[in-house]
Amino acid sequence: MRSRARAGMPKDRFPLDPIIFSSALVLLLTGLVMVASASVEMSARYYGSSFYLLLKHLIYLFISIGIGLLALGLPIKFWEKMRLPLLLVGMLLLVLVLVPGVGREVNGSQRWIPFGPLTIQGSEFLKLFIVLYVAGYLARLKRNETSRLVSFLKPSVILVTVICLLMAQPDFGTSLVIMASVMGIIFLAGVPIKYFVPLLIISIVSGVLLVVFEPYRFERLIVFTNPWEHPYEGGYQLTQALIAFGRGDLFGLGLGNSIQKLFFLPEAHTDFLFSIIAEELGLVGASLVIALFSFLVIRSLWLGGRALSVGLNFHAYVAYGAGLMLGIQAFVNLGVNLGVLPTKGLTLPLMSYGGNSLIVSCLLIGILLRVEFECRNQIGRARGK
């Protein structure tokens with residue numbers, strides 16, 4: 001006890017950051033309950049057991065938590081050393097998924113690689129890998145180098161390459177999340193905002209061209225502006241999600257009492273889980289979920305600033321990236337459910353059914369908790385000197 005006191009570390013402090021840990025835990029447990037509720041009818045009809053999808057989600061959850069604990073036990077130096085090999089592995093997965101006979105196509109998108117009883121979605125793991133790479137690159141720059149154009153161009157070339165591979169699948173949602181997160185890390189690192197303007201213009205022009213030359217994207221955008229004009233065609237999923245929000249009112253219909261999950265709302269246990277949360281738990285339950293994600297993101301950004309203040313640059317940029325990645329994906333998913341963003345195939349981090357997404361989300365949480373632990377120890381050692 002004396003040695004801890006001399007080092008400046010609190011005697012009764014919870015060993016893990018309480019805000020990150022408790023927010024993530026509540027989201028995971030709430031997700032488990034809501035996946036159970038949203039999937040029971042689908043499991044019974046298509047798999048012969050009401051608990052089939054719930055049991056699979058539980059297996060994914062145990063694996064994800066185990067991997068998250070492994071990340072918590074690994075020093076951040078490990079991720080810094082492995083950042084380039086991991087990025088190359090992630091890009092290799094994006095290439096392999098496009099190879100005929102290797103990648104599996106689902107709903108018009110080729111994003112999965114069968115691996116025994118499991119499937120690997122390389123784009124999910126690339127979210128983590130590119131955060132680690134960009135964080136390592138920025139951490140090695142000297143303070144005056146972040147304002148140079150060449151310092152901005154190198155990660156931009158990597159980012160454009162990754163986006164091109166993702167759009168070949170196609171995976172517009174993940175491309176958006178990765179681009180916004182990487183640009184966020186670079187901006188927080190101190191790169192002048194003037195360098196972002198050309199990239200933003202190119203992104204907007206590319207997005208317009210993608211919509212114009214792909215009829216299904218153009219149709220999806222038109223339907224998004226007024227889904228009620230096409231309630232049984234392109235606007236079906238969104239109108240059913242909005243009906244779920246309307247049914248939920250303030251306090252919801254009660255856990256397990258959703259009507260939309262009875263085969264009215266497609267993907268109720270994956271991409272549109274938040275709509276079922278709103279229907280069963282109401283505005284109060286939906287607001288709690290939003291608040292928990294907000295706490296998680298704000299704490300991650302605070303942690304990044306704290307790490308920078310003690311000279312742990314790589315730790316800081318990883319914290320920024322992890323928080324932005326979780327927050328932006330959650331924002332897009334919630335926006336799609338609420339009808340303020342066009343429909344995208346993105347899960348709700350830490351909550352939706354989906355093994356790859358759950359594993360990567362828990363990895364990000366484990367790394368965030370490790371960053372906070374090492375940052376706290378660094379401050380403790382500095383105070384003890």
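The structure holds 1 cavity of 30 Å³ or more. This is a predicted model, in which local features need pLDDT of at least 70, side-chain atom pairs count only at pLDDT 80 or more, and totals for chains, interfaces and linings use all residues. Residues are numbered from 1 along each chain as its sequence is written, and side-chain values use heavy atoms, with hydrogens and water left out.

Q: What is a cavity, and what is a pocket?
A: Rolling a probe the size of a water molecule over the atoms shows where empty space is left. On a 1 Å grid over the protein atoms alone, a cavity is a set of points where a 1.4 Å probe fits but cannot get out; a pocket is an open set with protein on both sides within 12 Å along at least five of seven lines; lining residues have an atom within 4 Å of a point. A volume is the space filled by probe spheres set on the points, which are joined across faces, edges and corners. Here the largest cavity holds about 60 Å³ of space.

Q: Which element gives the most to the lining of the largest cavity?
A: Elements are DSSP runs numbered from the N terminus: helices (H or I, at least four residues) and strands (E, at least two). H13 gives the most, with 4 residues. Among the lining residues are Glu124, Lys127, Gln329 and Leu364.

Q: How many residues line the second largest pocket?
A: There are 14, and Phe21, Ile65, Leu69, Ile365 and Leu369 lie nearest its centre. Helices H2 (18-47), H3 (52-73) and H13 (355-384) each give two or more residues to this lining. The volume of the second largest pocket is about 250 Å³.

Q: Is His57 buried or exposed?
A: Buried means under 20% relative accessible area, exposed over 50%, and partly exposed in between (1.4 Å probe, protein chains only). His57, in helix H3, has a relative accessible area of 1%, so His57 is buried. Contact means heavy atoms within 4.5 Å. Not counting residues up to four places away in sequence, His57 touches Gly31, Leu32, Val35, Met351, Ser352, Tyr353, Gly354 and Leu358.
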